[in-house]
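Thank you for making time this morning.

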Amino acid sequence: MRPARVQQLLLDAVVGLPGVSARTFEDADGDRARHPFGITVDADGRTSRWQVAVMSAPGEILTGEDVPAPVLGAKPPAMEAPAPTADPATVERALIARLLATDPGEIASVDLYSARPTPPAVGHGAVLDLHDGSRVFINHVR
């Protein structure tokens with residue numbers, strides 16, 4: 001899966017969240033140099049930024065605009081989407097829950113950073129393992 005597609009899926013996921021709006025980093029501040037792909041989410045009076053990075057499937061060679069066909073499989077368990085608040089943990093969970101709800105079966109597993117015993121330095125976000133062997137990283141950035 002390409003980063004631009006993940007970015008669009010996140011934008012689409014926000015549509016189902018009441019009182020929440022989102023836009024791409026480029027639309028929000030015109031800057032794609034620092035984080036080329038990601039969204040800015042406005043929820044409960046606070047803005048949070050979510051960077052998208054993708055690790056290609058083993059052996060996949062990225063050339064031009066080629067988009068690999070999705071590989072579908074068993075879906076991970078659904079999550080309930082909380083109402084996003086100023087707390088990034090609620091935005092993290094709501095975004096991922098909405099992604100899972102709309103996923104046709106590309107996502108094999110989800111690892112929420114805030115659910116880890118020792119979250120990484122970014123604190124909030126997720127790693128999505130896809131059935132094609134690629135990985136998607138959604139990181140809360142400041």
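This is a predicted model: local features need pLDDT of at least 70, side-chain atom pairs count only at pLDDT 80 or more; totals for chains, interfaces and linings use all residues.

In which strand is Ser-48 found? Ser-48 is found in strand E3, where helices (H or I, at least four residues) and strands (E, at least two) are DSSP runs numbered from the N terminus. Residues are numbered from 1 along each chain as its sequence is written, and side-chain values use heavy atoms, with hydrogens and water left out.

Is Ser-48 buried or exposed? With a relative accessibility of 6%, Ser-48 counts as buried, since buried means under 20% relative accessible area, exposed means over 50%, and partly exposed is in between, using a 1.4 Å probe and protein chains only. Leaving aside residues up to four places away in sequence, Ser-48 touches Ile-39, Thr-40, Val-41, Val-91 and His-140, contact meaning heavy atoms within 4.5 Å. Ser-48 and Glu-92 are 44 residues apart along the chain, and their C-alpha atoms are separated by 9.8 Å.

Let me now turn to the sheet. Six strands form an open sheet in the order E1-E2-E3-E6-E5-E4, with antiparallel pairing; two strands pair if DSSP finds at least two bridges between them. The edge strands are E1 (20-24) and E4 (107-112), each of which pairs on one side only. From one strand to the next, the twist averages 20 degrees, where axes are lines fitted to C-alpha atoms, for helices over the stretch in contact, and angles run from 0 to 180 degrees between N-to-C directions.

Strand E2 (residues 38-43) is joined to E1 by five bridges, and Ala-22 stands opposite Val-41 in E2. Helix H1 (residues 3-15) lies across E1, E2, E3 (46-55) and E6 (135-141), running at about 160 degrees to E1. Helix H3 (residues 88-102) also packs on the sheet, where H3 touches E2, E3, E4, E5 (125-130) and E6, and its direction makes about 175 degrees with that of E4.

Why is E2 described as largely enclosed by the rest of the structure? The reason is that five of the six residues of E2 are buried. Six bridges join E2 to E3, with Asp-42 standing opposite Thr-47 in E3. These two strands, E2 and E3, form a hairpin with two residues between them. Asp-44 lies in the loop between E2 and E3, has a positive phi of about 55 degrees although it is not a glycine, and counts as exposed at 54% relative accessibility.

Finally, there is a cavity to consider. The largest cavity holds about 40 Å³ of space, and its lining includes Val-41, Ser-48 and Val-91; here, on a 1 Å grid over the protein atoms alone, a cavity is a set of points where a 1.4 Å probe fits but cannot get out, and lining residues have an atom within 4 Å of a point. The volume is the space filled by probe spheres set on the points, which are joined across faces, edges and corners. E2, E3 and H3 each supply at least two residues of that lining.

Notes. On a 1 Å grid over the protein atoms alone, a cavity is a set of points where a 1.4 Å probe fits but cannot get out, and a pocket is an open set with protein on both sides within 12 Å along at least five of seven lines; lining residues have an atom within 4 Å of a point.
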